[in-house]
Amino acid sequence: MRRSMASMLIVVGALSTPLAAQDAPPAAPAAPDATAPSRGAIGVGFAATLGSGWQIESGEIGYVRRLGGGFVRALSGSLRIGAFVDEGAILGGSRGIVAAGTVAARTGQMRLAEMGDQQALTSIGFDVTFEATGYLGSHSPMPQGSAWAAAALLPGLRVGSGIGPQYSLVVGPTVFFGSKTEVRGLLAFRVEAPLARRERHP
């Protein structure tokens, strides 16, 4: 009788273990890694063509999609709104409105220096941005007329981290295509702020 009771207790104990495991609530999903970089970012900045005479000065806002690897590390689309400015005028040197849509691709960074710890590493380095832009202006003093396209090659200095804001200063040639083709300089200062990562719910 004692042996039978002992055997029954062993069997009940063995069966109760998987049953208890089945009744246990599912484990909570792991929290997202706060140190992992967000792939999306909002970019704002200021862009201006360079030179004497009539130039373009504009503010810009857009969306940046950071990529994991390869030669191209980021793709972006942005909208610019600004005005034509006569660099030779002391007063009243602006006229009209100019709007532009830009798509761009950016290379990886050639790092010059790194600061901070591994959890919040700030890097300083160079990269190159390729841009294609379509312009539309009112009361345009430009020789291209009221609508034209442009392509730009912009080397730049970038400072920031993968999980925080990034600051960049780019300058390089931009080619205007229209009734007349010409090359101008383009200078832009930009800030990228990463979007918050969404938590995954079961």
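Q: Is Leu-79 buried, exposed or partly exposed?
A: Leu-79 is partly exposed, because its relative accessibility is 46%. Buried means under 20% relative accessible area, exposed over 50%, and partly exposed in between (1.4 Å probe, protein chains only).

Q: What kind of model is this?
A: It is a predicted model: local features need pLDDT of at least 70 and side-chain atom pairs 80 or more, while totals for chains, interfaces and linings use all residues. Numbering runs from 1 along each chain as its sequence is written, and side-chain values use heavy atoms, without hydrogens and water.

Q: Which strand holds Leu-79?
A: Strand β3. Strands are DSSP runs (E, at least two residues), numbered from the N terminus.

Q: New topic. How many salt bridges are there?
A: The whole structure has 11. The cut-off is a Lys or Arg side-chain nitrogen within 4 Å of an Asp or Glu carboxyl oxygen.

Q: Which residue does Glu-192 pair with?
A: Arg-66, at 3.2 Å, N to O. Glu-192 is in β9 (residues 182–194) and Arg-66 in β2, 126 residues apart. Both are buried.

Q: And Arg-158, what does that meet?
A: Asp-127, at 2.7 Å. Arg-158 is in β7 (residues 147–160) and Asp-127 in β6, so the bridge ties parts 31 residues apart in sequence.

Q: Where are Glu-131 and Arg-190, the pair at 2.5 Å?
A: Glu-131 sits in β6 and Arg-190 in β9, so that pair ties parts 59 residues apart. Both residues are buried.

Conventions:
Helices (H or I, at least four residues) and strands (E, at least two) are DSSP runs, numbered from the N terminus.
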